[in-house]
Amino acid sequence: MKLSQFQQCMTNEVFHKEKKPELNDYLKSYEPRELEERLAIYQNNTFQSLIEVIKDLYPTIELTIGDDLLSACARAFIEKNPPTSPIMQEYALDFPAFLLDFPPVQSTPYLCDLAKIDLLQHQSYHSADEDSLAAEAFTAIDINTLAASRINPISSAFLLKSPFAVFDMWQLANGECHDEVNANSPQNVLIIRVEMLVKVYEVNNGIFTFLDALAKNATVYDALECATEQASDFNPTQAISFLIQSGFTANILGE
Amino acid sequence: MKLIPPSAGISLKAQHYQELINNPGVAGWLELHPENYMGLGGPPHRYLEAISEIYPISMHGVGMSLGSVDGVNEAHLERLKILVERYQPAHVSEHLSWSHWNSIYLNDLLPLPYTRESLDVICNNIDKVQARLGRQILIENPSTYIDFKKSDFSEGDFFKAIVSRCDCRILLDINNVYVSAFNNQFDPYEYIDSFPTDHISEIHLAGHSIKKLSNDTAIRIDDHGSEVRTEVWKLYEYFFSRQNKAIPTLIEWDTDVPDLSTLSNEAKKADASMLQGLKNPEKDSAA
């Protein structure tokens, strides 16, 4: 008996559910049905534990579509995307994109971006620890120097632009708002962890464009210009205030 | 490094972080899965830093797949090393099982046939892990639901051979002994009698459930989701009746995790049962 052959057969049986009669060469003789049911314990352990990983990672999707449908989506995802690492914190990062193409939920295309909010919260939660720059550091810099500077965002900050009302839907699912939501209204979100707490902010187009430009290494002046051009209601004072208050900045470069 | 006391500890769960910090005497020691702390930062590390200042800790891995023919995952081993160096756990343990083949991780602990080839595979992998970590690790006996046609060793003799070749230690899971014995029809008491107990540095206890197969065969499932069963307590006490010293014992509880007081009460029961076993005359006949 070669151990490699046994592990290959067992993996195919457990993960791919391919009936492998060769396993009979390795295992004690059981009635066929009993063998199937004993092997099913390993299949169940494997799939159920991975389904739980996905349910833990995407709680808003479970709240939105329910346990049964999420479990079905998760099972289909797992079958096509076996884990390649033992670190389950890093599994199923592609699940939001999978939802876009999975027929049972294709009629709700906003699920992908809704799942991304859960995913980005998870990534923000586990991101490297970094202090946000205090408000005093901004007030200590003269305005011209700040305009010419670049901002290094903290590593827990993530921006999401969606053609759907994902922030409202996320709030609704999590019991934080009870109004009716128009799913087809575009929204932008900033997800950020300051100290121990992950926060989810809705940001308007102007602030999103401003923060996005900063994250892509624009100077503060160029980011303000970019946001002014792209968003008619952009308010630079409000944007700078949000930049400071949200804790988005790790440090100011080139001051 | 804080040494683990020879008494009962409990699994570290995120929902108990703050309570453990607020009530430092609530557990004797804590065990965690290192895979849950391999992120770069955030609350898990903040809490673990605070908790490891208060409690002795042990790291119990579930992802190293020591029985895999295709070896241990180097990147995973490196991440474990970083974590071990950072938190200095008193014990680092893994399983006598395998989880990956051809880059697929099954996220479960699969059984190994106890053959000479398996012995070479697992010893090479243990050697690699111990060399990289620069310390001994503990190897835990698995719970199994299938048995093999051919094995060159009993599980106890397989452990003896591993310990002899790798100079590692053993983590004996009494619940796993009971579950495997029931599922594969061997006597758990005879297993204990012939086990190389001198090499055991830690004991595990956990709950399990019972499932009926369609031919009415009962199977015990090691699901870590309930209190330790009476029959496992009995085996645990028997084990200590054969010992001359207390050994750190962990109450494992990974699914449907209860409140901290339930875990703490299970740990107290383990301490009492260990003491009862150590007082039992069986010890004299074993000596």
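This is a predicted model: local features need pLDDT of at least 70, side-chain atom pairs count only at pLDDT 80 or more; totals for chains, interfaces and linings use all residues.
## The open sheet of chain A

Chain A holds an open sheet of three strands. Their order is E2-E3-E4, and the pairing is antiparallel. Strand E2 (158-162) and strand E4 (197-203) form the edges, each pairing on one side only. On average, neighbouring strands of this sheet are turned by 20° against each other, direction ignored.

E2(A) and strand E3 (residues 187-194) of chain A run antiparallel and are joined by five bridges. Across from Phe158(A) stands Ile191(A) in E3(A). A helix covers these strands: H11 (residues 205-215) of chain A lies across E2, E3 and E4 of chain A. H11(A) runs at about 135° to E2(A).

## The barrel of chain B

In chain B, eight strands close into a barrel. The order is E1-E2-E3-E4-E7-E8-E9-E12, with parallel pairing. Neighbouring strands here are turned by 30° against each other on average, direction ignored.

Take one pair of strands. Strand E2 (residues 30-32) and strand E3 (residues 57-60) of chain B pair in the parallel sense over three bridges. Leu30(B) stands opposite Ile57(B) in E3(B). Helix H6 (residues 174-184) of chain B packs on the sheet. H6(B) touches strand E8 (169-173) and strand E9 (200-206) of chain B, and its direction makes about 65° with that of E9(B).

## Two helices that cross in chain B

Two packed helices are described by the angle between their axes and the distance between the axes. For helix H3 (residues 74-87) and helix H4 (residues 116-133) of chain B, the axes come within 10 Å and cross at roughly 40°. H3(B) is therefore oblique to H4(B). The crossing of H3(B) past H4(B) is right-handed.

From H3(B), Leu77(B), Lys81(B) and Val84(B) take part in the contact. They meet Val129(B), Arg132(B) and Leu133(B) in H4(B). By class, the residues of this contact are four nonpolar, no polar and two charged.

## Where the chains meet

The contact between the chains involves 41 residues of chain B and 40 residues of chain A. On the side of chain B that touches chain A, several elements each supply at least two residues. They are helix H2 (43-54), strand E5 (98-101), strand E6 (104-110), H4 and strand E11 (218-221) of chain B.

E6(B) gives the largest share of that side, six residues. The residues of the side of chain B that touches chain A divide into 18 nonpolar, 16 polar and seven charged.

Note on methods. Residues are numbered from 1 along each chain as its sequence is written. Chains are lettered from A and ligands numbered from 1 in the order in which they are written. Two strands pair if DSSP finds at least two bridges between them. Helices (H or I, at least four residues) and strands (E, at least two) are DSSP runs, numbered from the N terminus. Axes are lines fitted to C-alpha atoms, for helices over the stretch in contact, and angles run from 0 to 180 degrees between N-to-C directions. Two residues are in contact if their C-beta atoms, placed from the backbone, lie within 7 Å. Angles under 35 degrees count as roughly parallel, over 145 as roughly antiparallel, 65 to 115 as roughly perpendicular and the rest as oblique. A crossing is left-handed if the near helix is turned anticlockwise from the far one by less than a right angle, and right-handed if clockwise. Ala, Val, Leu, Ile, Met, Phe, Trp, Tyr, Cys and Pro count as nonpolar, Asp, Glu, Lys and Arg as charged, and the others, Gly among them, as polar.
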